[in-house]
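Student: I have a chain open here and would like to go through it piece by piece. Can we start with the sheet?

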Amino acid sequence: MRPGDHAFVSYDNDEARWDVLTAFTRLGLARGERVIVFPRPGLPEEEVLARLDFPHRTTATARIEGQLVLSSMRRLISPDHVFTADRQWSRLREETAQAVAEGYTGLRTFIDMHWVPELDADVRTMMHRESHAEDLFTGRPYSEICAYDRRWFTPEVLTAMAEAHPRNLLEKLGTLRTERTPDGALRFVGEADAATKRPFLTALELALVQSTGAGRLTLDLIPLHFLSVGCATGLLTRVQDASGHHRVEVRCGPVQLRLLHQLGATSIPRLTLSEVARPC
């Protein structure tokens, strides 16, 4: 997550929500940003702070000094009682400007979307806000995670909101997700290791079969936090055996590039490795 990022994450158990919130908060504090947390309505502040502070209570000072703030959507839009996108956008711009004026490098917020039923807000109004919020982020020192409980929001809303957010986060570390990029590449997100090797290779095999007619396929490994030797070897073996392809391009970072070279990638004529730096 960087300034200007607007991210979607969904969860169906509370522990996953706490994991994302804690990581997001601690990183923001370390980067000198102000962090405003909008937890699920009804949660006692003591519980939220205990979760964020465990096990080292590193956020206690930030809380006292005002770098870490617990708030609510009701409090943010006050004195308005009815949620509107314009009111929320205006207040978040004000909070961002205030954070910078007070010497912070920016503002980041974590918003649990249970504020929607708590305020009896119209879901379509919320969806409009989420899909038309570009001005909050473009060129501004503001980032935001919107956390959706899959036990409350409908699959249709979740799908639409996942598509509306420029960034989609993994629910927890140690998992793997595959997705198609706008240019048709198969992108791997998360960790490709012993635990996720089978889904990694299955997704790769399926993509190779589906792209046989075109004779080419692009794989994007940049969002991977980790690529194991086993998964890298499996990738090279399947590309080497993909007789129906004249070109397979793999976009990778410097560490991944070095690993693939060490495993013999240059001996596969149809394989092209393109080094791309991971965004800072």
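Tutor: Strand β2 (residues 34-38) pairs with β3 in the parallel sense, over three bridges. Keep in mind that this is a predicted model.

Student: Which residue in β3 is the bridge partner of valine 37?

Tutor: Leucine 70 is the partner of valine 37 in β3. On the β4 side, valine 37 has phenylalanine 110 as its bridge partner.

Student: How many bridges join β2 to β4?

Tutor: Five, and the two strands run parallel. β4 is also joined to β5, by six bridges and again in parallel. In that pairing threonine 109 stands opposite glutamate 144 of β5.

Student: OK, so what's the order of the strands in the whole sheet?

Tutor: The order is β3-β2-β4-β5-β1-β6, six strands in an open sheet with parallel pairing. Strands of a sheet pair through backbone hydrogen bonds.

Student: Which strands stand at the edges?

Tutor: β3 (68-70) and β6 (167-168) do. Each has a single partner strand, so one side of each is left without a neighbour in the sheet.

Student: Back to β4. Is it mostly covered or mostly open?

Tutor: β4 is mostly covered, with six of its six residues buried. Leu107, Thr109 and Ile111 point one way, while Arg108, Phe110 and Asp112 point the other way, and all are buried. In a regular strand the side chains alternate between the two faces of the sheet.

Student: Which strands does α1 touch when it packs on the sheet?

Tutor: α1 touches β1 (6-11), β2, β3, β4 (107-112) and β5 (142-149). The direction of α1 makes about 170° with that of β4.

Student: And α7, which strands does that one touch?

Tutor: Helix α7 (residues 123-131) packs on the sheet against β1 and β5. Its direction makes about 145° with that of β5.

Student: Switching to helix pairs. At what angle do α1 and α2 cross?

Tutor: At roughly 65°, with the axes of α1 (residues 14-30) and α2 (residues 45-53) coming within 9 Å. The two helices are therefore roughly perpendicular to each other. The crossing of α1 past α2 is right-handed.

Student: Which residues make that contact?

Tutor: From α1 they are Glu15, Trp18, Leu21, Thr22, Thr25 and Arg26, and from α2 they are Glu47, Val48, Arg51, Leu52 and Asp53. By type, the residues of this contact divide into four nonpolar, two polar and five charged.

Student: What about α7 and α9, what's the angle there?

Tutor: α7 and α9 (residues 155-164) pack at about 20°, with their axes 9 Å apart. That angle makes α7 roughly parallel to α9. α7 passes α9 in a left-handed crossing.

Student: Who's in the contact between α7 and α9?

Tutor: α7 supplies Val123, Met126, Met127, Glu130 and Ser131, and α9 supplies Val157, Ala160, Met161 and Ala164. The residues of the α7 and α9 contact come to seven nonpolar, one polar and one charged.

Student: Next pair. How do α10 and α11 cross, left-handed or right-handed?

Tutor: The crossing of α10 and α11 is right-handed. The axes of α10 (residues 197-210) and α11 (residues 229-240) cross at roughly 20° and come within 10 Å. α10 and α11 are therefore roughly parallel to each other.

Student: And the residues that make the contact of α10 and α11?

Tutor: Lys197, Arg198, Phe200, Leu201, Leu204, Glu205 and Leu208 of α10 meet Gly230, Cys231, Gly234, Leu235 and Arg238 of α11. They divide into six nonpolar, two polar and four charged.

Student: Which residue other than glycine has a positive phi?

Tutor: Aspartate 120 is one, with phi near 55°. Most residues other than glycine have a negative phi, and most peptide bonds are trans.

Student: Is aspartate 120 buried or exposed?

Tutor: Aspartate 120 is exposed, because its relative accessible area is 69% and the cut-off for exposed is over 50%. This residue sits in the loop between α6 (115-118) and α7.

Student: Last one. How many helices and strands does the chain come to?

Tutor: The protein chain has 12 helices and 12 strands. Of its 280 residues, 47% are buried.

Technical notes
Residues numbered from 1 in each chain as written. Predicted model: local features only at pLDDT ≥ 70, side-chain atom pairs only at ≥ 80, totals over all residues. Heavy atoms only, no water. Axes fitted to C-alpha atoms, helices over the stretch in contact; angles between N-to-C directions. Helix = DSSP H or I, 4+ residues; strand = E, 2+ residues; numbered from the N terminus. Parallel < 35°, antiparallel > 145°, perpendicular 65-115°, else oblique. Left-handed = near helix turned anticlockwise from the far one by under 90°. Contact = heavy atoms within 4.5 Å. Nonpolar A, V, L, I, M, F, W, Y, C, P; charged D, E, K, R; others polar. Pairing = 2+ DSSP bridges. Buried < 20%, exposed > 50% of the residue type's maximum accessible area, 1.4 Å probe, protein only.
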